[in-house]
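User: Please walk me through this structure in short questions and answers. I have a few to start with.

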Amino acid sequence: MEGQYQLKKSKVVKIESWKSWEDYITYATNQGFPVMVHFSAYWCMPSIAMNPFFEELASTYQDVLFLKVDVDEVQEVASKLEIKAMPTFVLMSGGAQVNKSVGANPDELRKRIEYFIQKTRSPPIQSEA
């Protein structure tokens, strides 16, 4: 019951370590879920300003796993994905990065996730040979 309450409170999972990053990426890959990652820092005002919007996206797109990574707390992840500025948003599928957006631009972020979800949901075009 407590777990259900926590899910309702926030749909964004905060990554605390390299191990939890690997666990969530593996889980999402095995389940076929796309992943949207918000790379942020506690001292970055644009990152903080994007938090409510990122929560809103997580509530809207429930078949996407939303992760939040503080670049100072989990430097290995930020380094591996070559994060150079905050906020940076990375869309992943199958454990691989498919899209990266730098900056606090809610409209652009929504467009990118919409496009990605449309692309992954539409059936492949069959060619007649």
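User: Which residues does serine 47 touch, not counting residues up to four places away in sequence?
Analyst: This is a predicted model, in which local features need pLDDT of at least 70 and side-chain atom pairs count only at pLDDT 80 or more, while totals for chains, interfaces and linings use all residues. Residues are numbered from 1 along each chain as its sequence is written, and side-chain values use heavy atoms, with hydrogens and water left out. Serine 47 sits in helix α3, residues 45-60 (helices are DSSP runs of H or I with at least four residues, strands are runs of E with at least two, numbered from the N terminus). Contact means heavy atoms within 4.5 Å, and the partners of serine 47 are His38, Phe39, Ser40, Ala41, Met86 and Pro87.

User: Is serine 47 buried or exposed?
Analyst: Buried means under 20% relative accessible area, exposed over 50%, and partly exposed in between, with a 1.4 Å probe and protein chains only. Serine 47 has 1% relative accessibility, so it counts as buried.

User: How far apart in space are valine 71 and serine 40, C-alpha to C-alpha?
Analyst: Valine 71 lies in the loop between β3 and α4. Its contacts, leaving aside neighbours within four places in sequence, are Phe39, Ser40, Ala41, Ala78, Ile83 and Met86. Valine 71 and serine 40 are 31 residues apart in sequence, and their C-alpha distance is 6.0 Å.

User: Which residues touch the most other members of the largest nonpolar core?
Analyst: A nonpolar core is a set of buried Ala, Val, Leu, Ile, Met, Phe, Trp, Tyr and Cys residues joined through side-chain atoms within 4.5 Å. The largest has 20 residues. Two or more residues each come from α2 (18-31), β2 (35-40), β3 (65-70), α4 (75-80) and β4 (88-93). The members touching the most others are Trp21, Val35, Val37, Phe39, Leu67, Val69 and Met92.

User: What are the distance of the centres and the angle of the planes for the rings of tryptophan 21 and phenylalanine 39?
Analyst: Rings of Phe, Tyr and Trp (its six-membered ring) pair if their centres lie within 6.5 Å; planes under 30 degrees apart count as stacked, over 60 as edge-to-face and the rest as tilted. Tryptophan 21 in helix α2 and phenylalanine 39 in strand β2 are 18 residues apart, and both are buried. The pair is tilted, with centres 6.4 Å apart and planes at 50°.

User: Which residues form one aromatic cluster?
Analyst: The count of aromatic pairs comes to four. The cluster consists of Phe54, Phe66 and Phe89.

User: Which residue takes a positive phi in the hairpin of β4 and β5?
Analyst: Two strands pair if DSSP finds at least two bridges between them. Here six bridges join β4 to β5 (residues 96-102), and the strands run antiparallel. Serine 93 stands opposite alanine 96 in β5. Two residues lie between the strands, and the one with a positive phi near 65° is glycine 94.
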